[in-house]
Every structure is written in structure tokens, then in C-alpha cells.
Amino acid sequence: MRVVLAEDLFLLRDGLVRMLEAYDFEIAAAVESGPELSRALAELKPDVAVVDVRLPPSHTDEGLQCVLAARRERPGLPVLVLSQHVEQLYARELLADGDGGIGYLLKDRVFDAGQFVDAVRRVAAGGTAMDPQVISQLLSRRARDKPIGGLTPREREVMELMAQGRSNAAIASQMVITERAVAKHTSNIFGKLGLPPSDDDNRRVLAVLAYLDRG
């Protein structure tokens with residue numbers, strides 16, 4: 001699996017390269033600036049891009065803008081964004097095109113290599129990997145909406161895990177309930193939110209994220 005990595009801090013960039021290579025990823029390019037990232041994405045056509053939001057020369061949202069431009073040229077390009085803070089605008093821009101293969105992780109909340117590598121693989125496969133704090137903020141933003149207000153605490157918990165990109169099996173394991181119970185909660189959630197049902201995990205997650213991103 002070929003990865004383009006963009007991170008301006010040398011020690012962090014080098015550490016990410018070594019970790020990903022240890023898990024059999026091929027690093028197609030490891031760059032430190034926005035212009036380098038744009039060129040690498042256009043020329044190397046990676047399987048997934050792992051990108052810091054703030055890159056030179058602007059040190060604002062250069063990394064995000066580069067991957068958004070790349071996704072316009074190559075719809076569905078899998079992108080995992082790394083950030084220091086929860087920035088709802090960044091998350092909303094990333095979700096705006098409704099396509100798969102997206103992730104948003106907070107650097108100081110990635111606690112082990114397995115967690116990070118799993119997120120990269122999930123995104124590369126067309127899935128999602130969203131930090132729980134990002135989901136919580138999106139949910140808080142819609143908390144006064146009548147449909148979300150009508151969810152039971154259990155359904156809200158399922159919805160948060162679903163929006164993070166978890167499968168029914170993973171949700172069942174974390175909540176210590178059966179997959180049949182998760183499926184029932186999911187059906188209730190979609191019914192209350194007025195969303196079309198789907199057995200496809202990725203489509204289901206994207207439908208929920210799109211709902212949270214409305215307005």
C-alpha cells in the first residue's frame with residue numbers, strides 16, 4: 001500500500017515513516033510543505049494520503065487545502081488528516097463531497113501504533129476513521145435538532161461509534177451487546193433521522209456523517 005505523508009516536523013515525520021514501513025506500507029513520498037504535497041499527490045497517485053493540516057508556507061490549513069484540491073482531481077482519494085485540535089470547519093470541508101476514504105485524527109489522542117495503522121488501512125480501503133472528539137462536536141452542534149433529541153442514550157452511543165467508522169461487530173464488542181442488538185439500534189437511528197437504510201458499513205457511516213454536517 002503506497003502512502004504519501006505530509007508533516008512539517010522532522011522528528012514526527014521520520015517517526016511516522018519508520019512506523020508505517022514497519023507495518024509493510026510503502027512510503028511513496030514524505031514531504032514537509034504544501035507545494036511538495038500537491039506535486040506528490042498529482043504525480044505519484046498514492047493509495048492513501050496521511051496529511052498534517054498545517055504545513056508551510058502558510059502554516060494555516062495548507063495540508064487540508066492540498067488534499068481537497070487533489071480530491072477534486074481524483075474523487076475518492078483516501079485521505080487521513082492529522083490535527084492538533086478539533087476544527088469543525090476542517091472536518092466539515094473534508095466531509096463535504098460525501099465520498100469515502102476519509103479520516104480525521106487528533107495527534108495527541110493517537111495512543112499506539114496499532115490504532116494509527118488500523119485507521120490508515122481503514123481509510124485506504126474506502127472507510128472512515130474519525131476521532132471521537134470530532135464526532136462529539138458535530139453531535140453537539142446538532143443536539144437541539146428534534147431527530148437527534150429523540151434518540152435514546154443507547155442509540156446515541158451507537159450513532160457515535162458508527163460515525164467513527166466502527167462496524168456492527170466492533171460496536172457490539174465495545175458495548176458488550178449482540179450484533180443483532182446493534183442492527184436494531186441502527187435501524188431505529190436511521191428511521192428517526194429519516195435516512196435510507198443500508199447494509200454497507202461505509203455508506204451507512206457516510207450517511208450519518210453527512211447528516212451531522214448539514215446546515
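Which residue does UniProt list for "modified residue: 4-aspartylphosphate"? The UniProt record, an unreviewed entry, lists D52. Such annotations may be inferred rather than shown by experiment.

## The model

This is a predicted model: local features need pLDDT of at least 70, side-chain atom pairs count only at pLDDT 80 or more, and totals for chains, interfaces and linings use all residues. Residues are numbered from 1 along each chain as its sequence is written, and side-chain values use heavy atoms, with hydrogens and water left out.

## The chain as a whole

The chain holds 11 helices and six strands. These are DSSP runs: helices are H or I with at least four residues, strands are E with at least two, and both are numbered from the N terminus. Of the 215 residues, 46% are buried. Buried means under 20% relative accessible area, exposed means over 50%, and partly exposed lies in between (1.4 Å probe, protein chains only).

Take the contacts between residues at least 6 apart in sequence: 65% of them join residues at least 24 apart. A contact means heavy atoms within 4.5 Å.

## Around D52

D52 sits in strand 3, residues 48–52. D52 counts as buried because its relative accessibility is 7%. Leaving out residues up to four places away in sequence, D52 touches A6, E7, D8, G63, L64, L82 and K107.

A cis peptide bond joins P56 and P57, with omega about 5°.

D24 is not a glycine, yet its phi is positive, about 70°. D24 lies in the loop between helix 1 (10–22) and strand 2 (26–31). Is D24 buried or exposed? D24 counts as exposed because its relative accessible area is 70%.

K45 is not a glycine either, and has a positive phi of about 50°. Its loop runs between helix 2 (34–44) and strand 3.

## The largest pocket

The largest pocket holds about 240 Å³ of space. Its lining has 13 residues, and the closest to the centre are L105, Q115, R122, P132 and R166. A pocket is an open set of points on a 1 Å grid over the protein atoms alone, where a 1.4 Å probe fits and protein lies on both sides within 12 Å along at least five of seven lines; lining residues have an atom within 4 Å of a point. The volume is the space filled by probe spheres set on the points.

Helix 5 (113–124) and strand 6 (128–130) each supply at least two lining residues. Helix 5 gives the largest share, four residues.
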